[in-house]
Protein chains: 2
Amino acid sequence: MPTIKDVAKSAGVSPSTVSRVINNHPRISSETKKRVEKSMKEIGYHPNIIARSLVKQKTNTLGLVMPYSTEEAFADPFYSEILRGIGSVAQNKEYSLLLITSNGMKEELEVTLKAVRSKRVDGLLILRARSNDKLLKELKKLKTPFVIVGRPEDEKNNFWVNNDNIESTKKLVEYLIGLGHEKIGVITGDSKYIVYKDRLEGYKRALEDNGIEYNPNYIIQTTGHHGLTTKYTKELLESYPKLTAIFAVDDLMAYGAILGIKELGLKVPGDVSVVGFNNNPLSQLITPSLTTVDINIFELGSTATKSLINIINKEPTEYYHEIVKTNMIIRDSCGGYKG
Amino acid sequence: MPTIKDVAKSAGVSPSTVSRVINNHPRISSETKKRVEKSMKEIGYHPNIIARSLVKQKTNTLGLVMPYSTEEAFADPFYSEILRGIGSVAQNKEYSLLLITSNGMKEELEVTLKAVRSKRVDGLLILRARSNDKLLKELKKLKTPFVIVGRPEDEKNNFWVNNDNIESTKKLVEYLIGLGHEKIGVITGDSKYIVYKDRLEGYKRALEDNGIEYNPNYIIQTTGHHGLTTKYTKELLESYPKLTAIFAVDDLMAYGAILGIKELGLKVPGDVSVVGFNNNPLSQLITPSLTTVDINIFELGSTATKSLINIINKEPTEYYHEIVKTNMIIRDSCGGYKG
DNA sequence: CTGAAAGCGCTAACAC
DNA sequence: GTGTTAGCGCTTTCAG
């Protein structure tokens, strides 16, 4: 593999001149520039990024901290889609992407810190927001730039990009309320994920603003496991047969809920209306098609990446966050309340 | 950030000694080793991987060439799952993962070659097999090690890992035949993907071995777009109402097909049996639950990664490939033929 | 506008 | 078993 020296020789200039043309240095005669470029072509030269990184003390690489749970990713196009969003801007701005995967919280912490300490990455995209996140504390100690996709607990002292989950959920639940529903069950996930907390909060606020009493018994918590969701939904409806609607914090959970409702011999939306969240592409295909909220995953990814690159290069003095808009998508899974 | 020199000073040894303890050099006294390790802890030293890569002329990084189409990834946990498989062995063997994404064939080629030429990666995992793949040719010119997940056209001159799609499909279709079905429609995808070619081939062989005539009119080709799949399925069944079963080369297509069948007022499996492929986690949740083939995605990823690392380090003289087993999963979407 | 020289942080002969 | 030295390929002062 040819190096900058080979090009220099071939073009009859010094290595530093070659470096200058590579880096588009302004003060360089267009003649020598052409000559050098010609030599590079001829020789088949390509700059060695590792060497460049070493001297520049930056890698032009972003680390992507992926959630480790399988269940999370279960049938969920979220990660494919957010990677597309991230990839598109990284590409554009000449950044590479280092994937950081793990099989648990401890490993995640170790592996991520290692990537940072060993200077593999210039910054990190954290693809989840979790309560009491040790990783964030450690990263701050190391002064690594990072952006969280999601809302962190400490909103004021982090860079983050998120949907407005509370407000979006409130709207969604108010849509149900508008249809006449008052007794609305909720299927939610592990409360260590802030996204689920926020959506539950949105639900509460919708009730509150509309003078409906909040009943914690209507809330069930499930995992990514669908069989369980189905089971829990059935149990919920058997305990509280007056429920006329179900709000699931994720479309996948809504699928499980619909199945449970059907297994009880009830109809969707005839007997029970169902809404989900995230607008999984399958939601338009199931029967009935699911009313849900599109969260613009691609944009979540691209916005976070732009932010991170900006933070790396500009070192802003104040923390900030960005909100990506959601759109409610009304389909066939909800009907009016028939007292 | 402390460097090896700082550690050397603090421990009262030379940088090379420090380097030796980092790299577990055999001839080093356990005393100095301890002393150096203590200093590293105290100072908070972590080796700079970039510098190491430069001198060692290898990065301990694997490039992952992701397919670029959105439609592919549509609701498909394939990529989450294969990344898990890849990540688990990469982690284990101390390799990092560089994500290579793109928005089209040309960009994919450019970006991938750039990663190789600029020495960012030691080898590549190509997460798709495509006909007439220019990328493969270029990578061979560059003598980059790479492993394909899927079966490449030129089987003999590549390293690859795949399911036995032909044989697995044959079994699946023979299951339908065993139920009495003879007129079996097929829903397939873009034939530039070899996986679809192979599954079609398996279908043909099943018919052939069982003395059933092959009718190309029973084959329809769709894209990742579900609405289309539904539409095409309806057209197919309207043109050939004698079809009693449908084989879809992917579960997601099977979902579209089932919807189409239902929209025609027919029952699954009462009137038409349906089988899919890949065992998407949702397939157990839909109604009826889908008979399909589990392809062990995690193992596909881990096997490919092990192979690649092996190839990078051992430089084997002969090409080889590995086959990951599949399991047919019988559920409720098929019934006996009722003439 | 261009060249010489130093150095990024680490490893690997080669000495001793 | 440990230190000295050179150098991986590139950028970047500093001269001129």
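## Surface near DNA strand D

Four helices, α2 and α4 of chain A and α2 and α4 of chain B, each supply at least two residues of the surface near DNA strand D. Helices here (H or I, at least four residues) and strands (E, at least two) are DSSP runs, numbered from the N terminus. This is a predicted model, in which local features need pLDDT of at least 70, side-chain atom pairs count only at pLDDT 80 or more, and totals for chains, interfaces and linings use all residues. Residues are numbered from 1 along each chain as its sequence is written, chains are lettered from A and ligands numbered from 1 in the order in which they are written, and side-chain values use heavy atoms, with hydrogens and water left out.

DNA strand D is surrounded by 26 residues, and the closest are I4(A), Y45(A), S16(B), T17(B) and R20(B). A residue counts as near a strand if one of its heavy atoms lies within 4 Å of it. α4(A) gives the largest share of this surface, four residues. By class, the surface near DNA strand D has nine nonpolar, twelve polar and five charged residues. In this scheme Ala, Val, Leu, Ile, Met, Phe, Trp, Tyr, Cys and Pro count as nonpolar, Asp, Glu, Lys and Arg as charged, and the others, Gly among them, as polar.

Sugar or phosphate holds 61% of the atoms of DNA strand D within 4 Å of the protein, and the rest belong to bases. Polar contacts are pairs of N or O atoms within 3.5 Å; within protein, one must be able to donate a hydrogen and the other to accept it, and residues adjacent in sequence count only if both atoms are side-chain atoms.

From chain A, a polar backbone atom of I4(A) is 2.4 Å from a phosphate oxygen of DNA strand D. From chain B, a polar side-chain atom of T17(B) lies 2.5 Å from a phosphate oxygen of DNA strand D.

## Surface near DNA strand C

Around DNA strand C there are 25 residues, of which T17(A), R20(A), T32(A), I4(B) and Y45(B) come nearest. Sugar and phosphate account for 68% of the atoms of DNA strand C that come within 4 Å of the protein. Helices α2 (15-22) and α4 (49-56) of chain A, and α2 (15-22) and α4 (49-56) of chain B, each supply at least two residues of this surface. α4(B) gives the most, with four residues. The residues near DNA strand C comprise nine nonpolar, eleven polar and five charged.

T17(A) has a polar side-chain atom 2.4 Å from a phosphate oxygen of DNA strand C.

## Domains of chain A

Chain A is divided into domain 1 (1-35), domain 2 (61-163 + 298-326) and domain 3 (165-295). These bounds come from an automatic or database domain assignment. The centres of domain 1 and domain 3 of chain A, taken over C-alpha atoms, are separated by 63 Å.

## Interface of chain A and chain B

The contact (heavy atoms within 4.5 Å) takes 50 residues from chain A and 50 residues from chain B. About 4400 Å² is buried between the two chains, and carbon and sulfur atoms give 64% of this area. Buried area is the accessible area (1.4 Å probe) that two parts lose on being put together, summed over both.

Two salt bridges are found across the interface of chain A and chain B. A salt bridge is a side-chain nitrogen of Lys or Arg within 4 Å of a carboxyl oxygen of Asp or Glu. In one of them, the side chains of K114(A) and E94(B) meet (3.3 Å, N to O). On the side of chain A that touches chain B, the largest share, eight residues, comes from α6(A). This side divides into 23 nonpolar, 18 polar and nine charged residues.

## Other local features

Over all chains, the structure holds 30 salt bridges. K170(A) forms one with D209(A), the closest N and O atoms being 3.1 Å apart. K170(A) lies in helix α9 (residues 165-178) of chain A and D209(A) in helix α10 (residues 194-209) of chain A, so the pair ties together parts that are 39 residues apart in sequence.

The peptide bond from T287(A) to P288(A) is cis, with omega near -5°, and P288(A) lies in the loop between β9 (273-275) and β10 (292-294) of chain A. N60(B), in the loop between α4 and β1 (61-65) of chain B, has a positive phi of about 50° although it is not a glycine.
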